[in-house]
Amino acid sequence: MAILTAPVQALAAVWSMVVGLRVTITNFFKPQETIHYPRQEVPPSHLDSFRGHIELVGTDEDPAKARCIGCGLCAELCPSFCLKVVAEDLPADPTVSYESHNGADQLMPRPKFKAPPPSQAQPRKLLSYHLVYHTCSLCGLCVQNCPAGSLRFSHDVYLAGASRGRFEFDLMERLRGQAAHGGPKGGKAHA
Amino acid sequence: MNGSSLAAVAPELLRLGVGLLALVGFIAANGMLLLYVERKVAGHVQRRPGPFEVGPHGLLQAFADAGKLVGKQLATPAGADGLLFWAAPLMAFMPVPLMFIAIPFGENLFGLQTNLGLVLILSFAGFNVLALCLAGWGSNNKWSLLGAARAVSQAVAYEIPLLLSVLAVALMCGSLDLRQLAGSQGGWPWQWNVAVQPLAFFIYFVCAVAETNRAPFDLAEAESELTAGVHTEYSGMGNGIFFLAEYANMIVVGCVATALFLGGSQGPFAPGPWWFLAKMYLLVTLVIFMRWTYPRVRFDQLLNLNWRWLMPLALVNLLATALAVKLAG
Amino acid sequence: MSWPAADPCQGLEGDLYARVFAEGARDDTLILNMGPQHPSTHGVLRVLLEMDGEYVMRAEPVLGYIHRMHEHMAQNRAYVQFFPNMGRVDYLHALAWNWAWAGAVEKLAGLEVPRRAEYIRVICTELNRVNSHLLWWGAYLLDLGAVTPIMYAFEDRELVMDMLQLITGSRLTYSSFRFGGVLTDIDTEFVSRCRAFLKRMPERLEMYRELVTGNAILRGRLEGVGVIDQMTARRYGATGPVLRGSGVGYDVRRAEPYGLYHEFDYAVPVHHDCDCMARYMVRMDELEASLSIVAQAIDGLPEGHCIHPDAPRGKWRPPAGEVYFAVEGARGKIGVYLASDGTEIPYRVKLRSPSFSNLSLFAEIGQGTLLSDAVAILGSLDLVIPEIDR
Amino acid sequence: MPELTSRLLLAMPTGDSGRDAALHVKPRDIRLVAERLLCQDWFLEDVCGLDLADGLAVLYHFAHWTRPGRVVVRVMLERDKPECPSIEGIYPGASWHERETCDFFGIEFTGAANTTPLLLAERLDPAPLLKRPEQRIPRGRVWPQGEWVGPAGGHSLAEELMSICGEEGEQ
């Protein structure tokens, strides 16, 4: 029996090799999938959803001024301790509202239940906001839980640097720079 | 001694010298060309560009690679036998030009006319095993040693059916002279030996891939099993020479296949060296495509394939050929 | 040129593991360190082998090269802060681990998950499973010496990653599940991309079959190699495709239903040959099963919230108690044991990773095989070393 | 001091906390129980250490291919000398889990063939997952329903395991 089946099996084996070769040869003549990076770039539609490091969102009135109320919830929730918020107490001012209007709300689902800022019931003045991006794990807890809607993810895909300092951001400065260059306006959340 | 007297004394020697020099150039050029072709084929098969940055479409990549390899440090591993370790790449490369001298690229384009051309090539091809063996042993690396053991048993096994399949053709033509063998075939494909001896061609082709340690038979190298087998410890040009020898060996087996089975420089319309080169490169490209298509066979399967299929088939083929020649003659 | 010293290996007795391993070795065998930088140990696994020629007489995996003590980290942070870790335990099926953690805490605290969120979880997790299996397919064939398939696999993976990026914002180490739902809702863009992908895949899978599955060399390499019988699988606690390749239709999605998996109609692929080829076929069939689940989920996607409106946010205190929650990951049964003392941080978290149990099999089934088979067996277990070392 | 006297069984509804039954055994009985569980086709999911105020606990989670749910076997060990028989001979897959538990909790598993550290490079003192005394909680807090209330009848699995325990316990 084997003497009959063996040649058939051998021929089938050789045929399977031919079939495999046909696949690679067809693929050889198909267009390439690669994007030649410096000359071509990934279409923007594929980058919009990319979550880069977080950035501050400006207020509607003054894009250079962050909505942040300095409560420090983001820094407290951060699993890798990569945020540093410095704020000082303000005298109570009923005209300052820390309810966000849009911004991060549209990016993130907004439950009815919202954690109050941990210690302060009233807003504080934001002095500086630092992000150490090289320890960030992009979990999104800060953005999700910001009571003022002052945080969102940037879409900076091509971030690269040769030194550690390149990944330590002063986000307030960045926000001012964005406002000066007419970058993404505070009112627009680009999800 | 002037040129004319030299020519008078040893025209054959002069031809040999010039031929050898030209062949070394040919091998080096081909090494670079095949390196480029291999990487381009790999790239396009995998739907990516392959080398692209150096020169237009990466044409100069091979030069950049060669420059890089030459510039790298040659490290001898601790505890390695330095003499054997560095003799191995040289031994892999040095016999290669000698194999080319008997190959008839065209009617009058060859290095050496000898009626034992086939024997010469096959005997020098055996050196490659020795080189891999030394490389594996001299490296003082267990993976290299395993690779060397594989290389030796593989080469020893596959040389036999290779020889047998070649013999069948030699029997048909009654000669071992490659020029005569090539010349005895006609210009059209149905006049080639492959039409008469398809089985011998198939066996030869499989054995040739195995002899040159190309995937799917690259067991001596087997980077996913033996890290890189015999090449593991070689850096810079040590590795580079092995590569060069591998490509040169591919061309040699391609050339022999062309001369024996595909009509050599004979071809439709206008016979000449271009036909020879075209057929040879076609075969080499096929080998390259195979490398990027198939998984690697296992070691015992490789030997099984040889001893259980190729050997008996080659023997039967040889016997049938002998019988046919006897009856017809 | 330097001539070798009299005994070049003098003073090199190896480390603790090598010494312990070499104690039982025969005189005429070779002790070989496969890894931790070997190309086919997929990361930093080290396997000590005692070789007789090409035959593996004894094998012992050595772990711990990328041990990060996730269980200790869990005891030092709030419940929600542990999510990013889950993406790093098994980076190939991060969402299953996300789900395992979210599910364990939800079970402990009795949290409700909206239907829409459950559907989104199913969709993402199954897409992630497709992703994981595709990468396994490519990498496994790389182990076996075929270089091209991994590139084809990555073409498809790229599409999946683009889709998952829409939902999760990340491409590999997702941490997008939250207690009571998921972080981001899915939109029409995602749905249309997903449908296009589902349409494309059958053709691609057919190509994979032609290129590789039917290949005589591959079948020769895998058939009859690395046989794991059912008793061995049970004694070692093997799960997932490894177990299903041994003819046991055990799938946590069926055996211990979680989420809304009971609403979907799909086959649990089982192959009875117990060898590497059976495990290969199980994973190839699972690709199709996962795609069919995704198709059903996309079609039946309910309206609603993607996270429960009353879901706890930030640091919160679940009740005290303990809970065990298991999900089916791409590699097998992922289990999370969680003990809570009612404070903001977990009291004890134990992560049961499937590859850990699956790899412990190797010492037994690797015996007596050829080195090439050992590579094939290791690959067929689909190891993710960070998951084993945690 | 941990209570090492009773072997009581508790059955809980499936889905509540992911287990069907919890069984407390003395360390010297763990091999018997494991053997019986293997005979009934259970497989070992994991071995998990737990540091409680009453001592160290080892939890063995067993699951089954054809029936839902899982069984937890709990062993309480003395803090001063945490030793537990290895079940590696019955479930070879337990070997790595035990070595890992030994790494993390310093629990010695007696009778194991290989006791080299698995995930850590060396033994740490104190073992990394041990709690500080003030952090430890009594076991009643983690196992509120499981505090030795006596055998729970009416649950087939519980009855079954109970009978195993009863038979072996006579020795």
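Two strands pair if DSSP finds at least two bridges between them, and strands (E, at least two residues) and helices (H or I, at least four) are DSSP runs, numbered from the N terminus. In chain C, strand 1 (residues 30-34) and strand 2 pair in the antiparallel sense over five bridges. This is a predicted model, where local features need pLDDT of at least 70, side-chain atom pairs count only at pLDDT 80 or more, and totals for chains, interfaces and linings use all residues. Residues are numbered from 1 along each chain as its sequence is written, chains are lettered from A and ligands numbered from 1 in the order written, and side-chain values use heavy atoms, leaving out hydrogens and water.

**Strands in chain C**
- Across from E50(C) in strand 2 of chain C stands I31(C).
- Strand 2 of chain C also runs antiparallel to strand 3 (residues 55-62), joined by seven bridges.
- L49(C) has A59(C), in strand 3 of chain C, as its bridge partner.
- Strands 2 and 3 of chain C make a hairpin with two residues between them, and G53(C) in the turn has a positive phi of about 65°.
- Six of the seven residues of strand 2 (residues 46-52) of chain C are buried, so this strand is largely enclosed by the rest of the structure. (Buried means under 20% relative accessible area, with a 1.4 Å probe and protein chains only.)

**Chain B at a glance**
- Chain B has 14 helices and zero strands.
- Of its 329 residues, 54% count as buried.
- Its C-alpha trace spans about 60 × 60 × 40 Å along the principal axes.

Technical notes: Buried means under 20% relative accessible area, exposed over 50%, partly exposed in between (1.4 Å probe, protein chains only).
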